[in-house]
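This report walks through the inside of one protein chain, step by step. Please look at the sequence and the model first, and then read on.

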Amino acid sequence: MECEEYGFLILRGLHIEEALRVCCSSEERGCRQNANSPVWGPYGSTYGDGIYVWHSIPGDDGPQRRHHESRLLRPASTASRTVPSQTPPAFMELERELRKQFAVHVGGASVHVLDGFELSHVQATRMEAGTRIDPHKDKEIFGEIIATVNLSGESFLTVGKARRTLQAGDAYMLFGQARADKEHGISFTSKSPERRYSLTFRFVPRASYHVASQRSSAMLSKLDAGCLVETKWYHEGENHTCFPSVYPAIVLHPDVMAIAELQQAELPPLQPLQKALGRSRLRLRDFTSCTSRHVLVFFLYTDLYHRHSPDEDIIQLVPRNRMIPLSDCTALRRFLMGEQRVHPPFAPEGLQQNMRLAITEAQEWSAKAVAMVQRRRQLHLDANRKLVQTADANSLRALLAMDAREQELNKALQKLQQERADLEEQYVGACSGPVAQAVTVEHETEERGSEDVVASTENLPRASARSVIPVPAVVPAQAVAPSALALAPDLAPDLAPAPARARARTSTSVEDNASA
């Protein structure tokens with residue numbers, strides 16, 4: 001196998017006899033995909049006559065096949081001119097052979113490029129002698145990886161500036177930069193045989209269908225920080241059919257709502273993660289409007305895809321139902337873990353990255369964020385809710401000082417309450433003699449009958465009931481605490497000297513006697 005740089009591979013010596021026989025016999029029998037559409041239809045391009053195609057989609061009729069068919073039959077695809085048929089078994093046998101032999105070395109280990117990808121579309125192409133397909137890039141809806149097998153005839157292939165000759169049984173694969181950025185073309189000038197047949201296999205990530213079929217985030221398991229995922233994301237206004245249909249990303253925090261109360265300045269620094277990934281900068285998107293279904297993720301670069309979702313290094317919020325964990329047995333994971341230098345579009349010289357270190361840094365960032373939330377909640381448990389919403393480092397220190405001041409005021413209030421209770425006891429003690437006699441008489445009258453009560457009442461002098469209680473002696477000045485009058489002015493009337501209150505009561509008694 002010949003390996004070209006940036007995703008251009010050539011494989012030679014495949015077993016093609018059965019697939020070629022199917023292509024020739026299907027045309028001779030004139031098989032139809034339905035009552036009105038033949039198997040072979042026009043190529044549907046501006047390259048002229050003499051080129052025909054036969055589209056097929058693998059798998060039995062079901063949700064997954066219909067998912068691939070919906071991509072194929074979009075108006076942007078030339079495949080919509082014919083109805084796709086079932087993929088013949090001979091084509092699938094050739095596809096399995098491609099899976100076994102197309103491999104590259106990543107990080108010193110051999111990686112089968114098609115691991116983790118599924119076949120979504122097979123196109124058989126028939127070219128008459130003297131025809132050609134000018135350099136072009138396959139439409140993005142056809143998938144991330146393209147492999148074409150030359151079944152018959154000698155043809156000339158161009159990929160970018162490279163030029164190769166293909167014989168019967170040769171195949172070439174395009175992925176990464178070769179798939180995304182370089183144009184490829186084919187020309188068939190040989191007169192023997194008169195027709196050239198080829199099969200083009202188009203692959204998409206296996207995760208693309210599973211992500212599209214997920215409905216509710218609430219039914220999905222929670223991810224862990226540092227987990228590698230495949231997630232669907234696209235720019236606003238961008239066609240969502242653009243490839244890759246899913247992107248590799250790393251989970252920075254699985255539940256955004258758990259850290260949504262933190263301000264940007266309170267979040268842990270991103271410099272360690274930035275250094276591990278070789279990025280010049282990292283920015284965190286505002287997540288004040290997020291929901292519990294969103295996950296904080298950061299998209300990764302890999303030469304397997306070359307084209308990536310974000311044009312700048314921004315940590316994104318993605319719903320949980322638009323991602324699945326990245327399997328261990330996929331080529332994508334092996335590329336991510338084995339690549340020491342990647343070549344994104346904006347940095348042709350490449351970026352140095354350490355994915356294992358990045359996973360560790362993401363886990364530490366998440367743990368620090370959770371610890372910061374717990375610390376914040378502990379500090380603000382009894383604080384003013386309005387201050388919490390605008391809290392920063394200075395206001396947090398001010399809040400701690402306010403808490404200490406509040407404790408001091410509580411102690412002072414308890415001291416004042418104790419002083420008031422002591423004063424009330426002193427006042428009652430000064431009036432204990434006469435008050436006790438009056439209370440004794442009152443209890444005795446309740447025990448006797450109503451007649452005795454009337455008789456005893458007639459023997460009393462005609463005066464107000466208040467005049468029974470004599471005016472007590474003046475309370476000593478030292479009994480009234482100055483701190484009580486100074487710090488609690490609302491208690492001043494109750495703590496006023498006894499003679500003043502006695503004079504008020506005496507005047508009231510005189511008025512009552514006068515009215516009687």
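## Helix α7 and its surroundings

The buried residues of α7 pack against β6 (103-106), β7 (109-112), β16 (228-231), β17 (247-253) and α8, where contact means heavy atoms within 4.5 Å. Helices (H or I, at least four residues) and strands (E, at least two) are DSSP runs, numbered from the N terminus. Buried means under 20% relative accessible area, exposed over 50% and partly exposed in between, with a 1.4 Å probe and protein chains only. By that scale α7 is mostly covered, since six of its eight residues are buried, namely Ala331, Leu332, Arg333, Phe335, Leu336 and Gly338.

## The model and the whole chain

This is a predicted model, in which local features need pLDDT of at least 70 and side-chain atom pairs count only at pLDDT 80 or more, while totals for chains, interfaces and linings use all residues. Residues are numbered from 1 along each chain as its sequence is written, and side-chain values use heavy atoms, with hydrogens and water left out.

The secondary structure of the chain comes to 14 helices and 23 strands, and of its 516 residues 46% count as buried. Among contacts between residues at least 6 apart in sequence, 75% join residues at least 24 apart.

## Two nonpolar cores

A nonpolar core is a set of buried Ala, Val, Leu, Ile, Met, Phe, Trp, Tyr and Cys residues joined through side-chain atoms within 4.5 Å. The largest one here has 69 residues, and those with the most contacts inside it are Leu199 and Leu304. Helix α8 (residues 355-379) supplies the largest share of this core, seven residues. Domain 1 (8-27 + 38-210) and domain 2 (293-346) both give residues to the core, so it lies between them; the domain bounds come from an automatic or database domain assignment.

Leaving aside residues up to four places away in sequence, Leu304 touches Val113, Phe117, Ile145, Phe175, Gly176, Ala331, Leu332, Phe335 and Glu339. A second, separate core has 15 residues, including Ile10, Val53, Ile133 and Ile186.

## Aromatic rings

Rings of Phe, Tyr and Trp (its six-membered ring) pair if their centres lie within 6.5 Å, and planes under 30 degrees apart count as stacked, over 60 as edge-to-face and the rest as tilted. By this rule the count comes to four aromatic pairs. The rings of Phe117 and Tyr305 have centres 6.3 Å apart and planes at 85 degrees, so this pair is edge-to-face. It links distant parts of the chain, with Phe117 in strand β8 (residues 117-128) and Tyr305 in the loop between β19 (294-299) and β20 (314-319), 188 residues apart. Both Phe117 and Tyr305 are buried.

Phe175 and Phe335 have ring centres 6.4 Å apart and planes at 80 degrees, so they too are edge-to-face. Phe175 lies in the loop between β13 (171-174) and α4 (177-180) and Phe335 in helix α7 (residues 331-338), so the pair ties together parts that are 160 residues apart in sequence. Phe175 and Phe335 are both buried.

## Cysteines

A disulfide is a pair of cysteine sulfur atoms within 2.5 Å, and a search of the whole structure finds zero of them. Cys23 is in no disulfide, and the sulfur of Cys24 is 6.6 Å from the closest cysteine sulfur, in Cys23, too far for a bond. Cys23 counts as buried, at 0% relative accessibility, whereas Cys24 is partly exposed, with a relative accessible area of 26%.
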